[in-house]
Amino acid sequence: MNIGLVSAILSDLTLEEVATFAAEHGFQQIEVMCWPVGRAERRYAGVTHIDVATLDSAQSRRILDMLAEKGVGISALGYYPNPLAADRAERQTYIDHLRKVMDAAALLGLDLVNTFIGRDQSRPIEAQWDDYLAVWEPLVQHATERGLRIGIENCPMLFTLDEWPGGTNLAISPAVWRKMFELIPSPNLGLNYDPSHFIIQHMDEVAPIWDFAHKLFHVHAKDQRIDRRRLNDVGVWGLGWYLPKLPGLGEVRWAEIFSALNDVGYRGTVAIEVEDRAYEDTLDGRKRALRQSKAYLDQFQAWS
């Protein structure tokens, strides 16, 4: 295993500046955000550390040389839209860009792209499997032809009123994952697992590591704190009672997480994803959040 970072929180910096920070503070890998230039559809979106629409062989070589000089690698390219959006034109925009991200990953010699499955939030999960197949069979084929794996994050994407009631990502639970992998039984389709999202759903965040060990392509390190006072006021159908925090400041059982990852033989990246608003006001605060998170997780990394 190695400890990495998700570049989204360092949107102020260029990729080279992100790599310099990572190298200086012992991060081994970066999950590099690849949103379309100038399009921020929500919080933590719209970050472009590699513009995949213009990337060519010469640019990719310069990126790889720069990273090699600093001793930092890329764990994955990341792009997290809603490829199953109800609006077909919107959906196609996301699909088209996701294909470009895959092409860029192949050009960079990478083997992993992380993203969301997507969801029409107004319809139940059971009503969307035909759409899932129509969109994702070609995408998985596109990735496979380029020697790529796809890591699907398990975030429910249910944080704001515009995402209510169903959220904008199908891949929220083991039952859904099993159906996904049954319908598309490809070894190139797997998980970018974030245990904090199971805290929101009052689920065991360690068990999936055992049950889906063969599908763990990438791991996000983010915590979640439950605001019990807010929860008791608005109930589980309300919003604002689950708060993203730095690792160690919420309810994720990190010792058990790392113990399970070691036991199942996971040797990929655990990438710190900062979404803790207590640290977001300044660039220095966001950098401190990454350093603090790594210092906390390093106690478990020493086991591997």
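**Aromatic pairs and a helix crossing**

User: How many aromatic pairs does a search of the whole structure find?

Analyst: The search of the whole structure finds 13 aromatic pairs, where rings of Phe, Tyr and Trp (its six-membered ring) pair if their centres lie within 6.5 Å, and planes under 30 degrees apart count as stacked, over 60 as edge-to-face and the rest as tilted. This is a predicted model, in which local features need pLDDT of at least 70 and side-chain atom pairs count only at pLDDT 80 or more, while totals for chains, interfaces and linings use all residues. Residues are numbered from 1 along each chain as its sequence is written, and side-chain values use heavy atoms, with hydrogens and water left out.

User: What kind of aromatic pair do Trp-129 and Tyr-132 form?

Analyst: Trp-129 and Tyr-132 form an edge-to-face pair, 5.3 Å centre to centre with 85° between the planes. Both Trp-129 and Tyr-132 are buried, meaning under 20% relative accessible area, whereas exposed is over 50% and partly exposed lies in between (1.4 Å probe, protein chains only).

User: And Phe-181 with Phe-212, how many Å centre to centre?

Analyst: Phe-181 and Phe-212 are 6.5 Å apart centre to centre, with 55° between the planes, which is a tilted pair. The pair links distant parts of the chain, 31 residues apart, and Phe-181 and Phe-212 are both buried.

User: Which residues form one aromatic cluster with Phe-181 and Phe-212?

Analyst: Trp-177, Tyr-193 and Phe-198 form one aromatic cluster with Phe-181 and Phe-212.

Technical notes: Helices (H or I, at least four residues) and strands (E, at least two) are DSSP runs, numbered from the N terminus.
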